[in-house]
Structures are given as structure tokens and as C-alpha cells.
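The sequence and the structure are shown first.

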Amino acid sequence: MSSQEQQATGRTATMSDAMVEAVAHEMREDEEVFYMGEDVADYGGIFDSTTGLLDEFGRDRVMDVPISETAYIGAAVGAAQAGMRPIAELMFVDFAGVCFDQIYNQMAKNTYMSGGSVSVPMVLTTAVGGDYNDAAQHSQTLYGTFAHLPGMKVVVPSTAYDAKGLMHNAIRDDDPVVYMFHKRLMGIGWMPAPDGPKTPVPEEPYTIPFGEADVKREGDDVTVVTLGLHVHRAVEAAESLADEGGPDAEVIDLRTLTPLDRETVIESVADTGRLVVVDEDYRSFGVTGEIVASVAEHDPSALEAVERLAVPDVPIPYSRPLEDAINPDAAAIAEAIRTVAE
Amino acid sequence: MFEDMVTARLYEERLQNEYMEGKRPGFDISAGEIPGELHLAAGQEAAAVGVCHHLRDDDTVTAPHRPHHVAIAKGVDLDRMTAEIFGRETGLSSGKGGHMHLFDPDVNFACSGIIAQGCPPAVGAALAAKKRNSDAVAVAYLGEGAIDQGGFLESLNMASVHDLPVVFVVEDNDWAISMPKARVTTPDDGSKRADGFDMHGARVDVDDAVAVYEAAGEAVGRARDGNGPTLLEVQVHRRMGHFMGDPETYRPEADQEAHAERDSIDRLAARLREEGVDDDELDGIRDAAAERVDEAVTWAKQQPLPEADAAHDHVFTNPPEGVTSDEPEPGAGAAAGGDD
């Protein structure tokens with residue numbers, strides 16, 4: 001669906017509403033789909049990821065689980081291998097360390113290690129991101145960590161429209177999918193979202209294929225590649241530059257990290273020659289390096305200038321001026337665009 | 001004990017008010033003087049003082065994400081702890097940690113925001129004490145929702161097989177965020193977990209600071225005398241939501257009322273009166289505690305916020321060569337091939 005068609009649907013939704021709508025639809029369609037996690041039943045998910053599901057589907061299908069991430073995420077792996085389609089929610093991606101074996105050794109590798117005789121059709125949903133001063137154990141983004149490890153598809157929506165389409169796809173996919181939603185985009189009452197993620201959303205189900213980046217803003221001078229919250233910051237930066245007669249930036253939203261749509265990035269950089277990659281994850285060994293390397297491997301001569309903006313390899317600090325200093329904002333992105341355009 | 005309990009309660013009530021400054025109207029968690037989440041422990045003071053009043057500065061305490069009452073009972077620097085909660089440069093962690101991550105090495109206090117993950121480090125502190133032939137002990141605090149975590153269960157086993165001087169203190173406040181204990185945890189008496197690890201287990205069913213003190217005395221004494229670990233569960237009550245801003249729609253009103261009626265501070269005050277302490281003396285303790293809290297908050301709010309560059313400090317104690325606190329200059333190394 002083009003962006004014009006999206007506009008034509010009229011109805012808007014928050015990203016959390018859009019996610020829940022897709023989950024509810026799939027649960028209605030398929031008895032084998034169920035949701036489990038901490039505080040997902042009565043609370044409706046700390047980040048509103050399951051609001052209303054308990055009322056419709058009951059405790060058998062919307063399960064509060066013990067604070068035992070190893071057990072319930074591993075149980076999702078087992079249920080998926082038994083043919084069900086579990087969705088397991090890890091409340092904060094930072095908690096992955098508690099249960100990482102079940103994620104990267106079991107969930108992600110069992111298909112491969114079984115020679116393809118076993119599939120693990122589960123979705124691991126998890127909240128990512130900072131920007132609310134909660135310090136280093138509740139603010140990480142960790143896109144690179146999950147995308148680095150083979151065997152799981154990694155999805156990072158930035159708008160309600162994308163969130164719904166990608167969730168339908170995630171649940172129907174026969175492979176494990178890690179669905180990483182940014183807290184700041186969800187439209188939670190106590191954590192105001194920017195305007196961008198609340199978009200028109202069709203009521204009927206639809207899918208967005210994995211591995212198709214979306215050009216959120218077209219531009220001729222500089223290619224900005226990003227994902228999640230920083231899509232909105234990049235668009236804001238691009239618009240402000242355009243308003244002041246600065247460089248015209250194209251903003252590419254990756255939408256999925258595995259599979260990664262390198263083609264769209266390479267094509268855009270072929271036109272602009274100038275690349276800015278923005279990521280809320282740590283700088284080293286992450287998304288920014290992967291994107292730059294992908295372009296360079298394809299055609300080193302395509303790159304006239306590159307800037308990477310990411311968290312500079314420090315744990316996320318608590319105090320507001322410290323967190324603001326390490327998390328790229330729209331002004332920093334605008335500056336990077338100007339720099340590569342010079 | 002009464003003084004610390006009252007200080008902790010008044011501190012929590014003061015933070016509750018300070019936290020809301022700048023967050024209204026329309027609650028915004030990232031606005032205001034105290035940013036981020038804030039998990040308050042009003043109602044849980046008995047578990048803090050009843051145990052920590054057996055401890056010395058060289059004994060280690062690891063606390064979970066709801067740490068203030070335990071920190072106060074352990075003797076953490078109240079001024080610097082408050083400055084940390086306000087994100088100030090002179091805070092315990094220079095503004096890096098915040099309220100869930102308070103570190104005060106002077107009294108061997110640390111905490112973690114990850115459920116049950118303070119247990120293994122407490123085992124490590126106890127292991128160090130044993131290896132050094134010290135009689136120091138370690139205490140790991142955790143909530144009843146945390147006793148289903150692998151990290152906790154593995155810690156019980158390791159403490160038991162190595163006979164380590166560690167006391168695991170489970171604060172049973174009945175709620176793991178929105179999940180009532182009965183729905184997610186068995187058995188009802190969490191101290192029975194000890195049985196499976198050949199370890200002493202005990203439970204104090206009421207939030208009575210004196211009863212906790214007596215039970216903890218046995219546990220800490222056992223550890224200090226080289227007789228191994230104990231799992232001690234203490235009934236407490238979470239008077240507030242899981243975090244500030246928690247709408248608590250999952251929680252029956254009767255539950256909150258019952259908790260308010262069973263107040264451990266009122267219980268201890270009554271006990272002190274029975275033993276001849278007059279109201280003037282209790283009021284004097286309350287006034288002094290209120291003054292102490294006010295001083296800490298006033299001082300903390302006068303402290304400077306950290307400079308932005310400080311975000312790069314403290315990643316390492318001994319930074320490797322090439323790691324500096326400077327970000328690459330914009331444009332440095334930007335040229336990446338091309339014809340020009």
C-alpha cells in the first residue's frame with residue numbers, strides 16, 4: 001500500500017493499538033496462537049502491548065507467567081516446535097541476558113541444528129529504547145545484538161501502519177521473529193510519543209513483507225538510513241533542513257534488520273553519494289557499521305561521504321543531560337546531514 | 001530501628017511528592033526533577049531494618065530495584081543517594097545509575113534493576129569473605145516474584161554446597177507488578193524453597209520489625225559463625241503501586257485498605273509505648289527524621305547536574321588505549337573512497 005493509500009484509509013491508531021489489533025486478529029483466526037509474558041493479562045502489558053486481549057481471549061490464551069524468562073521463553077520455543085504459534089513478551093530487551101540461551105541457542109538455532117526438520121514459529125516481542133532516563137538496565141536498544149545472531153528474523157516498526165502489517169507477518173511466519181518495539185513510539189499515556197508513529201491504519205488485516213525498507217521521505221542530496229524512534233528524528237531533521245534551504249535528505253526506514261534490505265539503501269546512495277546512518281544502539285559492531293559496509297562492499301566509489309550517529313559505546317546513563325548527550329537527536333542528525341553534504 | 005523505619009517512610013513520601021513535580025498535567029514519566037521510573041517501598045520497612053540492624057559496614061547487601069528502605073537501614077549516605085535519584089553530579093553514581101542502581105562501597109551496598117540478579121553477586125561477596133577468613137556476611141534482598149528466577153535458585157544451591165555466609169531475604173509484598181503471588185508462584189510459603197537446597201528456611205508471617213529482627217538475628221548469626229546460608233521470607237506490604245504512575249487497576253481496593261491497616265511502623269510504635277517509651281520521644285524521633293529527609297532533599301536539589309561530556313567517563317576503570325571520552329569529530333574519516 002502506498003503512503004497515499006494509507007492516508008486514504010482515514011482511521012488513525014497508535015502503534016500499540018495497531019500491534020494489538022494484529023495479534024487479536026491472528027488469535028481469532030488461529031486457536032494455536034497464544035500470548036504469554038509478565039503482566040500481559042490484567043495489566044495489558046506495561047507498554048500497552050496486550051491491552052484488551054485478556055477480556056476477549058481469557059487467561060488460557062493470554063497468560064501471565066512467573067518472572068522466569070528462561071522458563072517461559074524456552075516454553076514458547078517448545079510450544080512452537082510442537083506446532084503452536086506462541087507470542088512471548090520479554091518486558092524489556094535489557095532482560096534478555098536472563099534468558100539468552102533460550103533465545104540464541106534454542107529459539108534461533110534449532111531449525112538449523114535439526115537440519116531443517118524442526119521449525120520454531122514463535123514471536124518474541126520486546127520493548128527497546130531509552131529517552132526517558134531509566135538508566136543502563138532499562139534503556140538499551142540492542143538491535144545489533146539480535147540481528148548479529150543468525151536464525152531469527154528481527155523486526156523494528158516505526159509507525160502504527162508498519163507495526164500492524166509486520167505483526168501479521170511475524171505471527172504467520174514459520175520462523176522465530178523478534179519484534180522490537182520502541183517504548184517511546186507506542187502511544188502510552190505516561191510516555192508521550194512524537195506525532196509520527198500515529199498513522200492511518202486499515203481495519204482489515206494486511207502484511208508487510210520482511211526485508212522491504214520504506215522510504216519515509218524522498219530526497220536527492222543525502223541518504224539517511226535509520227529505524228525505530230530515529231526514523232521520526234531523521235524526518236524531523238530532514239524537514240527542518242528543507243525548510244531552511246539546506247540539503248534534501250532521503251530517509252530510509254529499514255523496518256526489518258533480518259532480512260536486511262540492502263538494495264534500497266544501495267540504490268539511494270547510488271543517487272546521492274552521501275550517507276548518514278542513525279541508530280539508537282551502540283556504535284561499534286552494530287547497525288551503522290553494517291549499513292556502511294554493505295554499501296562499500298557493493299561499490300566503494302558510490303560513497304563520497306559517510307557519517308554514523310549512534311550511542312557512543314557507553315552504557316545508557318541515568319541523568320538527563322548525560323542521556324541527551326549520547327542519544328542522537330534531530331539536531332545532531334541535521335548536523336550530520338549538513339556535514340556529508342558539504 | 002524505629003528511627004530508620006520512620007526515616008525510610010518519610011523519605012518515600014517526600015520522593016513521591018518530588019517525583020510528581022513537573023510531571024503534571026498528563027503524567028509524563030520522563031519530565032520533572034526526578035526522571036525515569038521510581039519504585040517506592042513504603043510498607044516494606046520492617047524487612048529492611050529487621051535484617052540490616054544486625055549488619056556492619058563490612059557486610060554486603062545487594063538490593064533489588066525497590067531499594068531505598070534497605071539503603072537507609074544499611075547506612076547508605078542519604079545525601080548522596082538523594083542526589084543520585086535527582087540525577088546530580090555529586091550523587092553516589094555521578095548521575096549514571098539513578099534510583100534502581102545505587103552503589104555505596106563505603107557500606108558495601110549495591111543494587112540491580114534486574115529481577116533476582118543481585119543474588120549471585122551476594123553469593124560472591126560471601127565467597128570472598130569465606131576465602132579471606134573474615135566473619136563478614138552477605139545479604140541478598142529480592143521480592144517474592146523473584147524466587148522463580150534461575151539466578152536465585154542457582155544462588156541457593158551454590159551458597160548451600162559451599163556453606164557460604166549469605167542470607168537471602170525475600171520481601172513478600174504479594175504483588176509482582178500486577179501479578180498476585182497465587183497466580184504465578186508456588187508454594188505459598190517461599191521459604192520452603194530452602195528445603196530443596198538443604199538450607200535453613202524461615203518465614204515471618206507479619207510485618208513486625210521485632211519478629212523480623214529476631215529471625216534475622218538467627219540467620220545472620222548462623223552465617224557469621226560459619227554455619228551456612230539461610231533463606232528468610234518476610235511478609236511486607238506494598239502500600240503503593242509497582243512504580244509511580246502505576247494505575248493499579250489490577251489491584252482490589254480491599255487489598256490496599258488491608259495493607260494500610262497493617263502498618264509495621266504503627267505496630268512498632270505501639271510496642272515501644274508498651275515498653276514505656278512516651279509519645280514525646282516518638283514524636284521527637286519523627287521530627288528528627290523529617291528534618292534529616294528535608295536536609296537530604298534540599299542539599300540534593302542544590303547540587304549541579306553533570307556536564308554532558310561526563311557521559312563518556314567511567315565506562316572502564318582502566319580505559320584501554322584508544323578509548324577516550326571524545327567522540328570522533330564530525331567529518332573525521334568521512335571520506336570513504338569515491339573519485340574525487
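Over the face of which residue does B:K23 lie? B:K23 is placed over the face of B:Y19, 3.7 Å from the ring centre; a charge counts as over a ring if NZ of Lys or CZ of Arg is within 6 Å of the ring centre and within 35 degrees of the ring normal.

The model is predicted: local features need pLDDT of at least 70 and side-chain atom pairs count only at pLDDT 80 or more, while totals for chains, interfaces and linings use all residues. Residues are numbered from 1 along each chain as its sequence is written, chains are lettered from A and ligands numbered from 1 in the order in which they are written, and side-chain values use heavy atoms, with hydrogens and water left out.

**Aromatic pairs**

Rings of Phe, Tyr and Trp (its six-membered ring) pair if their centres lie within 6.5 Å; planes under 30 degrees apart count as stacked, over 60 as edge-to-face and the rest as tilted. Over all chains, 11 aromatic pairs are found. Two tilted pairs are listed here.

| Pair | Centre to centre | Angle between planes |
|---|---|---|
| A:F47 and A:W190 | 6.0 Å | 40° |
| A:F92 and A:F95 | 5.0 Å | 40° |

In chain A, A:F47 belongs to the loop between β2 (33-37) and α3 (53-57), and A:W190 to the loop between β7 (177-182) and β8 (199-200), so their pair ties together parts 143 residues apart in sequence. Helices (H or I, at least four residues) and strands (E, at least two) are DSSP runs, numbered from the N terminus.

**Annotated span**

An unreviewed UniProt entry annotates residues 13-188 of chain A as "domain: Transketolase-like pyrimidine-binding". The end C-alpha atoms of this span lie 12 Å apart, and the span is 36% helix and 18% strand.

**Interface of chains A and B**

With contact meaning heavy atoms within 4.5 Å, 50 residues of chain A touch 58 residues of chain B. The two chains bury about 4,100 Å² between them, 59% of it on carbon and sulfur atoms. A:I67, A:W190 and A:Y318 supply 19% of the area that chain A buries against chain B, more than any other three residues. Buried area is the accessible area (1.4 Å probe) lost when two parts are put together, summed over both.

The interface has 2 salt bridges, each a side-chain nitrogen of Lys or Arg within 4 Å of a carboxyl oxygen of Asp or Glu. A:D64 and B:R183 form a salt bridge at 2.6 Å, N to O.

Note on methods
UniProt positions renumbered as here; feature names shortened; annotations may be inferred.
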